Amino acid sequence: QVQLVESGGGLVQPGGSMTLSCTASGSRVNFGAMAWYRQAPGSQREMVAEVSNGGTTFYTEGVKGRFTMTRDMSKNNVILQMNDLKVEDTALYFCNAYAWNNAGSGSYYWGQGTQVTVSS
């Protein structure tokens, strides 16, 4: 069984910083790309950032230069460092990971979500 456990989140003022962490675990599985998504009320879930097994990162246009995603392969842990936060960054943030077993069967998994609220 694959689990993604997120931490971080909360309330921050505009211009502030916040760090989100996600650790993936599971027996007899391998993890591929890991990503952060977010969903604001009334909006579709969107990818914020992704890091591949090789360390290649992708950022959605609105967070480039402000958010940084890093990955510790040995711990299956990803960090999303968010700087210069804006009100429009307010959303429920989800960790996502692709995992596959030795038979080659794979699937995407989700964390429970952590709320980030940017407000003065």
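Predicted model: local features only at pLDDT ≥ 70, side-chain atom pairs only at ≥ 80, totals over all residues.
Four strands make up an open sheet, and their order is β1-β3-β8-β7. The pairing is antiparallel. Strands of a sheet pair through backbone hydrogen bonds, either parallel or antiparallel. Here the edges are held by β1 (3-7) and β7. Each has a single partner strand, so one side of each is left without a neighbour in the sheet. On average, neighbouring strands of this sheet are turned by 15° against each other, direction ignored.

Look next at the pairing of β7 with β8. These strands run antiparallel and are joined by 6 bridges.

Now turn to the core. In soluble globular proteins, nonpolar side chains tend to be buried together. The largest nonpolar core in this model has 28 residues. Within this core, W36, L80, M82 and Y93 touch the most other members. Several strands supply at least two residues each: β3, β4 (29-39), β5 (46-51), β7, β8 (77-82), β9 and β11 (114-118). The largest share comes from β9, with 5 residues.

Leaving aside neighbours within four places in sequence, M82 is in contact with G16, S17, M18, L20, R66, F67, Y93 and V116. Y93 is itself among the core residues that touch the most other members.

The disulfide comes next. The count is 1 disulfide. This disulfide joins C22 to C95, with an S to S distance of 2.0 Å. It links distant parts of the chain: C22 sits in strand β3 (residues 18-25), C95 in strand β9 (residues 91-101), and the two are 73 residues apart. Both C22 and C95 are buried. The angle about the S-S bond is -85°, and the link of C22 and C95 is left-handed.

Finish with R66. Its place is the loop between β6 (57-59) and β7 (67-72). Is R66 buried or exposed? Buried means under 20% relative accessible area. R66 has 9% relative accessibility, so R66 counts as buried. The R66 side chain reaches the backbone oxygen of G62 at 2.9 Å. Not counting residues up to four places away in sequence, R66 touches Q81, M82, N83, D84, L85, K86 and D89. One of these, M82, brings the reader back to the core, where M82 is among the residues that touch the most other members.

Terms used
Residues numbered from 1 in each chain as written. Heavy atoms only, no water. Disulfide = S-S within 2.5 Å. Buried < 20%, exposed > 50% of the residue type's maximum accessible area, 1.4 Å probe, protein only. Polar contact = N/O pair within 3.5 Å; in protein donor to acceptor, adjacent residues only side chain to side chain. Contact = heavy atoms within 4.5 Å. Core = buried A, V, L, I, M, F, W, Y, C linked by side-chain atoms within 4.5 Å. Pairing = 2+ DSSP bridges. Axes fitted to C-alpha atoms, helices over the stretch in contact; angles between N-to-C directions.
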